Amino acid sequence: MNISFKTLLVAQLFCSFIFASTGYAQTVGIVKTLSGNVQIMRAGAKVNVVLGDKLFKADKLQTESNSSVGILFNDDTRVGAGPNTAFSIDSYHFDIKSQQGQADISITNGTLALVGGKLTANNLDAVKVHTPTSTLAATCSTLSVKVDPIFKEVP
Amino acid sequence: MLLITQLISGCSGYSSAVNSLGPETPTSEMRAQIEAPVDVAEGQSPFCAKPVEADPEMETAMAALPPEPYRARLYFIFDTSQFTAESEVAAKQVFDEIKSRQIAEAIVIGHTDTMGSEQYNIGLSERRAERVRQELIRRGIPENIIITKGMGESELLVDTADEVDEEKNRRVEIDVR
């Protein structure tokens with residue numbers, strides 16, 4: 001695979017207060033907002049996302065044009081993805097008792113906005129957003145990322 | 001003459017100088033004036049930082065962010081599943097707020113104080129959670145998205161010894177996501 005990416009990253013960080021809440025079950029998050037067509041790649045299968053869908057570790061999501069999706073994670077971290085966005089939940093762990101854990105989200109294309117929850121409230125480095133060229137820590141609370149592949153070379 | 005004028009006016013460059021030996025605070029009135037923050041309107045100088053503009057491409061992603069989860073706590077009269085007078089009033093607001101949201105899940109967890117046996121308190125906390133569940137159903141929240149649980153006296157809000165009448169522990173916690 002010979003893919004050249006030039007990424008343009010826009011990271012905006014703001015501090016804001018976070019309200020606490022608890023998380024449940026084995027799922028890592030839930031689809032809370034949805035518009036247009038969004039697919040989820042899980043265990044080799046591709047299915048359309050429906051509002052209220054539960055998400056698991058290693059899920060890959062892809063939004064089509066004019067589409068968006070919003071996810072609420074167990075620790076109250078909130079993620080919004082814009083059109084033509086591909087991202088995945090590489091890892092996610094949140095311990096309700098200790099309120100600690102970590103999360104890794106990768107974005108390969110498109111736009112992603114993130115508002116930190118309990119994970120970032122307890123550890124500034126707990127939530128990381130990986131792009132093709134860098135890793136961003138959602139240090140305080142709000143983070144937005146844009147990844148533009150300027151050109152792709154297909155062999 | 002021109003050179004001298006330039007040299008003198010060049011002194012205004014002093015405002016950006018850093019005194020690495022002395023204190024950072026201005027030591028004279030004149031220096032304070034010079035070092036005061038300059039209020040320059042946007043765009044007047046190429047050195048002025050422009051406010052960060054919202055990227056229109058980010059708007060959809062921002063709009064897709066789910067609303068913040070809502071959490072509420074309601075208190076009960078001793079050994080009952082009746083709200084206290086204050087919570088009776090608060091309950092109306094809480095249920096109105098929940099009704100106004102597009103919720104995917106409502107988690108209702110009942111608790112008691114340490115009066116009575118553990119076993120009895122599990123039942124009591126379940127009845128409290130059930131009371132809230134019925135209120136939610138009555139307001140049109142779908143039954144299948146409400147999860148209830150009774151924790152008895154196992155998760156005290158105010159830590160007390162056994163057999164202590166503590167009003168803050170007689171509660172239901174509602175987590176709406």
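I took a contact to mean heavy atoms within 4.5 Å. The model is predicted.

**Entry 1: Arg78(A)**

I looked up Arg78(A) and found it in strand S7 of chain A. Leaving out residues up to four places away in sequence, I listed what Arg78(A) touches. In chain A the partners are Ile71(A), Leu72(A), Ala113(A), Leu114(A) and Val115(A). In chain B they are Leu65(B), Pro66(B), Pro67(B) and Glu68(B). Is Arg78(A) buried or exposed? I noted a relative accessibility of 12%, so Arg78(A) counts as buried.

**Entry 2: Thr111(A)**

I then went to Thr111(A), which lies in strand S9, residues 100–115 of chain A.

**Entry 3: positive phi in chain A**

I checked two residues other than glycine for phi. Ala58(A) has a positive phi, near 80°. I placed Ala58(A) in the loop between strands S4 (54–55) and S5 (60–63) of chain A. Asp76(A) also has a positive phi, near 80°. Asp76(A) sits in the loop between strand S6 (68–73) and strand S7 (78–81) of chain A. I compared their accessibilities: Ala58(A) is partly exposed at 49%, whereas Asp76(A) is buried at 3%.

**Entry 4: chain B overall**

I counted five helices and four strands in chain B. Read from the N terminus, their order is α-α-α-β-α-β-α-β-β. Chain B has 177 residues, of which 33% count as buried. Among contacts in chain B with a separation of 6 or more, I noted that 71% join residues 24 or more positions apart.

**Entry 5: helix H4(B)**

I turned to H4 of chain B, residues 85–100, a helix of 16 residues. From first C-alpha to last it reaches 24 Å, close to the expected 22 Å. Where is H4(B) kinked? I found the kink centred on Ala91(B), at about 25°.

I listed the buried residues of H4(B) as Ser87(B), Ala91(B), Val94(B), Phe95(B) and Ile98(B). An α-helix has 3.6 residues a turn, so residues three or four places apart point the same way. The buried residues of H4(B) pack against strand S1 (70–75), helix H5 and strand S4 (171–176) of chain B.

**Entry 6: H4(B) against H5(B)**

I looked at how H4(B) and H5(B) pass each other. Their axes come within 10 Å and cross at roughly 50°. That angle makes H4(B) oblique to H5(B). I recorded the crossing as right-handed. Which residues meet here? From H4(B) they are Glu88(B), Phe95(B) and Ile98(B), and from H5(B) they are Arg131(B), Val132(B), Glu135(B) and Leu136(B). Two of the H4(B) residues in this list, Phe95(B) and Ile98(B), are also on the buried list of H4(B).

**Entry 7: Gly123(B)**

I ended on Gly123(B), which belongs to H5 of chain B, residues 118–138.

Definitions and conventions
Residues are numbered from 1 along each chain as its sequence is written. Chains are lettered from A and ligands numbered from 1 in the order in which they are written. This is a predicted model: local features need pLDDT of at least 70, side-chain atom pairs count only at pLDDT 80 or more; totals for chains, interfaces and linings use all residues. Side-chain values use heavy atoms; hydrogens and water are left out. The expected span of a helix is 1.5 Å times one less than its number of residues. The bend at a residue is the angle between axes fitted to the seven residues ending there and the seven starting there. Buried means under 20% relative accessible area, exposed over 50%, partly exposed in between (1.4 Å probe, protein chains only). Axes are lines fitted to C-alpha atoms, for helices over the stretch in contact, and angles run from 0 to 180 degrees between N-to-C directions. Angles under 35 degrees count as roughly parallel, over 145 as roughly antiparallel, 65 to 115 as roughly perpendicular and the rest as oblique. A crossing is left-handed if the near helix is turned anticlockwise from the far one by less than a right angle, and right-handed if clockwise.
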